[in-house]
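Please look at the sequence and the three-dimensional structure shown here before reading on. The paragraphs below then lead through the chain step by step.

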Amino acid sequence: MAFPIKTCVVCSEEFELRPDKPGFANRCPACSEPESAGSSEKSRLDALARKAESELNEARRSAIRDMLYRKES
Ligand SMILES: [Zn+2]
């Protein structure tokens, strides 16, 4: 059975669009794989960035709290 031939939007290679092909329908299997690996790496970095940002916010909140406390006393 023949599958529809698609052109990859990333590398312009033609590939068979198989129903079980992972990733995007407009990307060849080779270009779909690094994307999924890259996105997991990105989400790991996002988690680190969020953690750093929440620590920064916490520091900012406690600085504001100190400032308000000093103003009141
Ligand atoms: Zn490709």
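The structure is a predicted model, in which local features need pLDDT of at least 70 and side-chain atom pairs count only at pLDDT 80 or more, while totals for chains, interfaces and linings use all residues. Residues are numbered from 1 along each chain as its sequence is written, and side-chain values use heavy atoms, with hydrogens and water left out.

The chain contains 1 helix and 2 strands; helices (H or I, at least four residues) and strands (E, at least two) are DSSP runs, numbered from the N terminus. In sequence order, these elements give the pattern β-β-α. Of the 73 residues in the chain, 11% are buried. Here, buried means under 20% relative accessible area, exposed means over 50%, and partly exposed lies in between, with a 1.4 Å probe and protein chains only.

Which residues hold the zinc ion? Its protein donors are the SG atoms of Cys8, Cys11, Cys28 and Cys31, at 2.2 to 2.3 Å from the ion. Donors are N, O and S atoms within 2.8 Å of the metal (3.2 Å for Na, K and Ca); water is not among the atoms, so sites may look incomplete. Along the chain, the zinc donors follow the spacing C-x2-C-x16-C-x2-C. Cys11 belongs to the loop between strand E1 (5–7) and strand E2 (14–16), and Cys28 to the loop between E2 and helix H1 (29–72), so this pair ties together parts that are 17 residues apart in sequence.

Why is the arrangement called tetrahedral? The 4 donor atoms around the zinc ion subtend angles of 106 to 116 degrees, and the arrangement is therefore tetrahedral. Four donors count as tetrahedral if all angles lie between 85 and 135 degrees. For comparison, the ideal angle for four tetrahedral donors is 109.5 degrees.

The accessibility of these cysteines can be considered next. Cys8 counts as buried because its relative accessibility is 2%, and Cys28 is buried at 8%. Cys11, at 33%, counts as partly exposed. The structure holds 0 disulfides, a disulfide being a pair of cysteine sulfur atoms within 2.5 Å.

In the loop between E1 and E2 lies Ser12, which is exposed with a relative accessible area of 55%. The phi angle of Ser12 is near 65 degrees, a positive value in a residue other than glycine. The loop between E2 and H1 includes Pro19, which is exposed because its relative accessibility is 73%. Pro19 and Phe3 are 16 residues apart in sequence, yet their C-alpha atoms are 8.4 Å apart in space. Gly23 is also found in the loop between E2 and H1 and is exposed at 58%. From Gly23 to Glu33, the separation is 10 residues in sequence and 7.3 Å in space, C-alpha to C-alpha.

The last stop is helix H1, where Ile64 is found. At 42% relative accessibility, Ile64 counts as partly exposed.

Definitions and conventions:
Tetrahedral: all angles 85-135°; square planar, octahedral: opposite > 155°, others 65-115°.
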